Amino acid sequence: MAVITRSDPPSRIHPEPQILEIDHFDRLPDSILLLVFNKIGDVKSLGRCCVVSRRFHSLVPQVENIVVRVDCVISDDDSSSLSSIKSRSAASAGSFSAMFRLVVGGIVKPLQALGQFLGTKRPCGSASSSSSSSLSISGDEGGEEIEQSGVTHHSPTQVLKNFDEVRYLRIELPSGELGIDDGVLLKWRAEFGSTLDSCVILGASSVIQPNPMRISQSFDTTTIVESSVVGDDIPESFYTNGGLKLRVVWTISSLIAASARHYLLQPIIAEHKTLNSLVLTDSDGQGVLCMNRDQLEELRVKPLLASSASKRTLVPALNMRLWYAPTLELPDGTVLKGATLVAIRPSESKKEVSDISWVSLAFEEPYETAAKLLVKRRTYCLEMNSF
């Protein structure tokens with residue numbers, strides 16, 4: 001009697017291959033992932049990337065391009081009265097030349113609104129007896145303080161400690177420091193090394209927006225700039241109706257705001273020696289402080305002249321060039337009333353005084369064109385003592 005043996009089913013002899021889940025990110029080299037992270041830039045988003053995987057966590061600190069957006073300014077002296085603001089403005093103006101001592105304006109908010117990058121962190125809107133304040137970023141990285149709302153806050157200095165290779169840094173404040181009336185235009189751009197290198201200020205007492213029907217028309221900006229009136233004198237009313245005093249206040253306020261920002265950047269610049277470019281701006285585009293690689297290195301090796309009491313960098317004696325137009329119409333139809341452009345450099349600057357090409361490049365359109373139009377007019381020279 002034959003015995004039939006039963007063979008194992010084919011599935012047991014040749015088991016079906018298992019389908020494994022493949023993480024396609026593992027197939028990308030680190031250099032490609034770093035390119036992606038550098039395109040992201042935003043420090044909060046990068047913080048979230050850190051918790052995705054161990055690999056991401058090890059790569060994010062190598063990102064070179066960082067954008068830090070400050071959520072809120074935490075002031076420790078929100079109860080300051082308007083009278084104290086004006087008294088601080090007067091004290092700041094006290095060391096200027098005779099013409100500038102005549103001017104005391106109340107348009108500047110307390111400069112502690114910028115606050116300190118390093119300092120006690122408090123919930124937004126809190127007040128204390130201290131005159132200091134701090135900038136706060138909500139996020140998941142860095143030294144933190146958990147508020148009752150469950151939101152963690154960090155200073156930019158703390159957040160950036162997690163990055164080792166920062167080369168291009170941009171910090172954005174929630175708003176500019178200068179409190180101005182509605183309809184008034186005030187913009188500034190400053191460059192610093194160990195002290196002020198240059199500053200350009202553009203202001204207008206009012207801005208009339210263009211007619212929508214006219215925007216569709218095409219304009220030759222170059223022709224308009226070349227054909228602008230050259231040599232117009234400032235009208236006598238500019239000196240008698242407070243126009244000059246207001247411009248002086250704008251100038252002083254912008255310089256103080258710029259020097260306060262510069263002072264607050266010291267800890268970041270000292271810690272991140274890989275930096276090639278640093279920009280500190282604000283969301284409403286009021287002021288921009290820039291530092292390139294040479295200027296950053298200058299600050300590291302040259303002692304900073306600073307006022308610890310006012311928490312700002314001291315500004316040297318300055319030469320200023322002023323241009324003014326009672327009415328300035330831009331190619332897109334925007335009209336600036338009382339348009340004023342001020343170009344500032346230290347008196348001891350080695351750069352050519354007659355070179356004003358840098359002035360018109362300080363702003364983006366349509367204000368770049370406004371600067372080009374203004375520098376075609378008569379130039380007025382002023383001087384300011386150090387402060």
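These are my notebook entries on a predicted model of one protein.

**Entry 1: the overall picture**

I started with the totals. The protein has 15 helices and 16 strands. Of its 387 residues, 45% count as buried. I then looked up the accessible surface, which comes to about 20300 Å², with 53% of that belonging to carbon and sulfur atoms. For contacts with a separation of 6 or more, I noted that 72% are between residues 24 or more positions apart.

**Entry 2: the nonpolar cores**

Which residues have the most contacts inside the largest nonpolar core? I found Phe 37, Ile 66, Phe 163, Leu 169, Leu 196, Leu 278 and Ile 344, in a core of 59 residues. Helix α11 gives the largest share of this core, with 8 residues. There is also a second, separate core of 21 residues, and I wrote down Ala 204, Ala 343, Ala 362 and Phe 363 as being included in it.

Setting aside neighbours within four places in sequence, Phe 163 is in contact with Val 43, Leu 46, Val 60, Pro 61, Val 63, Ile 66 and His 272. One of these, Ile 66, was already on my list of residues with the most contacts inside the largest core.

**Entry 3: helix α11**

Next I checked the length of α11, which runs over residues 243–264. Its 22 residues should span 32 Å at 1.5 Å a residue, and the C-alpha atoms at its ends are 32 Å apart, so expectation and model agree. Is the helix mostly covered or mostly open? It is mostly covered, as 20 of the 22 residues are buried.

**Entry 4: aromatic pairs**

I counted 2 aromatic pairs. Phe 37 and Phe 56 make an edge-to-face pair, 5.2 Å from centre to centre and with 85° between the planes. This pair links distant parts of the chain: Phe 37 sits in helix α2 (residues 30–40) and Phe 56 in helix α4 (residues 54–59), 19 residues apart. Phe 37 counts as buried because its relative accessibility is 3%, and Phe 56 counts as buried at 9%.

The rings of Phe 238 and Tyr 324 have centres 4.3 Å apart and planes at 45°, so I logged this pair as tilted. Phe 238 is buried at 3% relative accessibility, and Tyr 324 is buried at 11%.

**Entry 5: Glu 172**

Glu 172 is part of strand β6 (residues 168–173). Is Glu 172 buried or exposed? At 17% relative accessibility, Glu 172 counts as buried, since the limit for buried is under 20%. Its side chain makes a polar contact of 3.4 Å with the side chain of Arg 69. Not counting residues up to four places away in sequence, Glu 172 touches Val 67, Val 68, Arg 69, Val 70 and Thr 281.

**Entry 6: Leu 305**

My last stop was a loop. Leu 305 lies between α13 (293–301) and β12 (306–307). Leu 305 counts as exposed because its relative accessibility is 60%. Beyond its neighbours within four places in sequence, Leu 305 is in contact with Thr 313 and Leu 314. I also looked up Ser 194, which is 111 residues from Leu 305 in sequence and 7.7 Å away in space, C-alpha to C-alpha.

Conventions. Residues numbered from 1 in each chain as written. Predicted model: local features only at pLDDT ≥ 70, side-chain atom pairs only at ≥ 80, totals over all residues. Heavy atoms only, no water. Helix = DSSP H or I, 4+ residues; strand = E, 2+ residues; numbered from the N terminus. Expected span 1.5 Å × (residues − 1). Buried < 20%, exposed > 50% of the residue type's maximum accessible area, 1.4 Å probe, protein only. Contact = heavy atoms within 4.5 Å. Polar contact = N/O pair within 3.5 Å; in protein donor to acceptor, adjacent residues only side chain to side chain. Phe/Tyr/Trp six-rings, centres within 6.5 Å; stacked < 30°, edge-to-face > 60°. Areas by Shrake-Rupley, 256 points an atom, 1.4 Å probe, with all protein chains shown as cover. Core = buried A, V, L, I, M, F, W, Y, C linked by side-chain atoms within 4.5 Å.
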